[in-house]
Structure formats: C-alpha cells, structure tokens
Amino acid sequence: MKTLFAVLISLGLFLGMAGTANADDAKPFAKHHVVIQVSKDDPATWNLAMNNANNLIKEFGTDNIDVVIVAYGPGLKMMLANSKTAKRVTDVSMQGVEFDACHNTMEHMAKKIGHLPKLTEGVKVVPSGAGQIVLLEQKGYAYLRP
C-alpha cells in the first residue's frame, strides 16, 4: 500500500510539473535589449552593425526588441552627415534602431575642424559613448561588437 501511495504522489508531482512547464511556455517572453558598439573607422564594420540590428529586428519583431547602436572614437564617422552610410543610418533609425553619438568624440573632432561635426538625421547625442554602453548594460542590455 505504501508503494502504491508513493507511486501516486510521484505521478501527481510529475503531472504538476508538466502542467507548470506548459503554462510557462504559453507566457510571452520579455522584451529583448541589445547595444551594439561601433568604435572603428571602417564602413564594413558600420554596415555589419546595421545588418546585425536589422537581423535582430527580423528575428524578434520590432515590438519585442530595443536595439541601440553607440558610436564613439573613430566609429563616430559612421553617423556623420557626410559619411558613406548616412542615408542607411537614417533609414535604419526609421525602423526603430536608436543611434547614439558620443559628445566627447564630437568635441575632440571640433578641435580639429573648428566646429561640432554635423550628424546624420535620426542620431541622438549622448555625453559619452563608452558611458552609454555601461549604462545600457546595467539596465540589462546585451552587448554586441561587430
């Protein structure tokens, strides 16, 4: 009798766990957050970063992911109004990708050219590119660097 009772309890626990697993599977997953670093003066890297952003949006859907591309140092050239990727940056930002430009780098460039560089439409200025990445990671963003 004790053995039968133990088997019934075990079966009940097993069925209870199976039901819980199915209930968890039915819940919607949490929104994903990704920050992509661009710090190289390399159009191939710039395009790879935007390809990564587009692929993430295709995989998870616009409503299920936040993607931020942060550029600083030599990578800031990606977001300049006269860059080879200026039109694409604007187009990708219109798809929901946030582009953050480092103000520290902009000030460094201004010393060389005499004024702050003009950025592509759709780009947001943040105080520090590296700092922005740290803040986003602290908020739970996954980090990518193409």
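## Basis of the model

Residues are numbered from 1 along each chain as its sequence is written, and side-chain values use heavy atoms, leaving out hydrogens and water. Because the model is predicted, local features need pLDDT of at least 70 and side-chain atom pairs count only at pLDDT 80 or more, while totals for chains, interfaces and linings use all residues.

## Overall fold

The protein chain has 5 helices and 5 strands, in the sequence pattern α-β-α-β-α-β-α-β-α-β. Helices (H or I, at least four residues) and strands (E, at least two) are DSSP runs, numbered from the N terminus.

Of the 146 residues, 35% are buried; buried means under 20% relative accessible area, with a 1.4 Å probe and protein chains only.

## Nonpolar cores

A nonpolar core is a set of buried Ala, Val, Leu, Ile, Met, Phe, Trp, Tyr and Cys residues joined through side-chain atoms within 4.5 Å. The largest has 26 residues, and Ile69, Met78, Met79, Val97 and Phe99 have the most contacts inside it. Helix α2 (43-60) is one of the elements that give two or more residues to this core; α2 gives the most, with 6 residues.

Apart from this core lies another, of 6 residues, among them Val68, Ile133, Leu136 and Tyr141.

## Val35

Val35 is found in strand β1 (residues 32-38) and is buried, with a relative accessible area of 0%. Contact means heavy atoms within 4.5 Å. Not counting residues up to four places away in sequence, Val35 touches residues including Val68, Ile133, Leu136 and Tyr141.

Technical notes. Buried means under 20% relative accessible area, exposed over 50%, partly exposed in between (1.4 Å probe, protein chains only).
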